[in-house]
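Dear colleague,

I am handing over the structure we spoke about, and my notes on it follow below. Please read them with the coordinates open beside you.

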Amino acid sequence: MLLWIYYFVLILFGILTLGGLAYYLLAIDSVRKLRQRQPLPSVTSFPLISLIKPLCGADPELASHLESFFRQEYPAFEILFAVRHNSDPAVEVVSALTRKYPNISTQMILTGEPPYANAKVYSMEKMAEAARGQLLVITDSDASVAPDYLQDMARCFADPQVGAVTNLYRGIPGTDIWSTLEALGMSTEFMAGVVVAERLEGMHFTLGPSMAIRATTLRKIGGFARMADYLADDFVLGQWTAEAGENVVLTTHVINHHATAMGFMKSFKHRVRWNRSSRFSRPSGYIGQGFTYGLAWALVLAALSWTWWGAALLLVVAIARFLLAYELGFRLMNDPKAIHNAALIPWQDLVSAASWLGGFVGREVIWRNERYRLLQGGRFEPVVPRPMPLQ
């Protein structure tokens, strides 16, 4: 009986490994085709852009992340920030930047306690109500951008069929090994799945670190209020835009996404939270995601089989995985750390595969120090109901 179980496990990991190899080859080809895409034309008009920045607390590098948005080489933009209360430490960070850049139109919005499960969505709704721009650009607090970021957004929206735009992002590590692994995974693993999805079925989602939408399109899909009970608001924003008959564009303009979770437990919990959210948002796609961890499964297979063919298959898969990291992380994402930290890829992939398995277990996540329960269809709710805000 034990022998049969052993052979079953070998066959299972063999299938996963071969599937992973096929995925790596597809991803490499998809990345190369994306790199060959014709560049967008120069900006000929400059619609007013409203940059929307939900904030909660102040990470050590928040000021430098936010400053990159103040330094945009674009003539017509405003920046709106939102926090729950004036006591939030992010308020002083923003105040210092507005004093440093007095010519940039900015506004700080105090939302109070959110009535929605997704507090970020509530703050985005309040900022959208105050925004004057034709285009709304939403970015996370741990993202930073180049000075031509808004120019690229305007180029993407020059096509009237485009309703939403999202960006590739490279991972920028913090000061410890776990943030380094997480950032390496962003640049060389996660973005591969995005590129492959864009090639096979087109873009039907956006990515939270950087997403943009026309103000008219946002109203067409029901506004931010429709996302009130969804954890993956970035996923549904792109999905609903595509369902409304408008195009979602993945631009090759790469932004920076800073890995701020320090220590193994914080980093791993962050990964598991994202995976659990993905499982409830797209269950069938989440199962297929298992084939993206080919190197991790090949390592397990080689350790279990302890044979020449297991070692040979591991070598082939490893070559494909490192070639993907080179094509994606270094050549497309322009991330030199994808090569500098290449020796860490096997460890990153094992941690990533473990967090994917962890995503199958449990339905609760912790986000911004609050505990939530995930529901079918991507919705979620606070485990401890929030007090209703005063009218």
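A search of the whole structure finds 19 salt bridges, a salt bridge being a side-chain nitrogen of Lys or Arg within 4 Å of a carboxyl oxygen of Asp or Glu. The model is a predicted one, in which local features need pLDDT of at least 70 and side-chain atom pairs count only at pLDDT 80 or more, whereas totals for chains, interfaces and linings use all residues. Residues are numbered from 1 along each chain as its sequence is written, and side-chain values use heavy atoms, with hydrogens and water left out.

One of the salt bridges joins the side chains of Glu327 and Arg32, at 3.1 Å from N to O. Glu327 belongs to helix 12 (residues 308-332) and Arg32 to helix 1 (residues 2-35), so this pair ties together parts that are 295 residues apart in sequence; helices (H or I, at least four residues) and strands (E, at least two) are DSSP runs, numbered from the N terminus. Glu327 counts as buried at 3% relative accessibility, while Arg32, with a relative accessible area of 34%, is partly exposed. Here buried means under 20% relative accessible area, exposed over 50%, and partly exposed in between (1.4 Å probe, protein chains only). Both residues also belong to a network of salt bridges that links Arg32, Arg35, Glu327 and Arg331.

Another salt bridge is formed by Arg155 with Asp152, whose closest N and O atoms are 3.7 Å apart. These two residues are three apart in helix 5 (residues 149-156), and about one helical turn therefore separates them; Asp152 counts as buried, at 8% relative accessibility. In a further pair, the side chains of Glu381 and Arg373 meet at 2.8 Å, N to O, and there Glu381 is partly exposed with a relative accessible area of 31%, as is Arg373 at 26% relative accessibility.

Turning to the strands, an open sheet of eight has the order 3-2-1-4-7-6-8-5, with mixed pairing, where two strands pair if DSSP finds at least two bridges between them. Strand 3 (105-110) and strand 5 stand at the edges with a single partner strand each, so one side of each is left without a neighbour in the sheet. How is strand 8 joined to strand 5 and to strand 6? Strand 5 (residues 143-144) runs antiparallel to strand 8 and is joined to it by two bridges, with Asn256 of strand 8 as the bridge partner of Ser144. Strand 6 (residues 162-172), by contrast, runs parallel to strand 8 over nine bridges, and in this pairing Tyr169 has Ile255 as its bridge partner. Nine of the twelve residues of strand 8 (residues 247-258) are buried, so the strand is largely enclosed by the rest of the structure. Elsewhere in the sheet, strand 4 (residues 135-139) and strand 7 (residues 210-214) pair in the antiparallel sense over five bridges, and Leu135 has Arg214 as its bridge partner in strand 7.

Strand 8 returns in the second largest pocket, to whose lining it gives the most, with six residues. The volume of this pocket is about 370 Å³, and of the 21 residues that line it, Arg37, Gln38, Leu40, Leu250 and Thr251 lie nearest its centre. On a 1 Å grid over the protein atoms alone, a pocket is an open set of points with protein on both sides within 12 Å along at least five of seven lines, a cavity is a set of points where a 1.4 Å probe fits but cannot get out, and lining residues have an atom within 4 Å of a point. Grid points are joined across faces, edges and corners, and a volume is the space filled by probe spheres set on the points.

The largest cavity holds about 150 Å³ of space, and the closest to its centre among its 14 lining residues are Leu55, Arg84, Ala119, Lys120 and Ser123. Helix 4 (119-130) and strand 2 (77-83) each supply at least two residues of that lining, and helix 4 gives the most, with four. The second largest cavity has a volume of about 40 Å³, and helix 6 contributes the largest share of its lining, four residues.

With best regards
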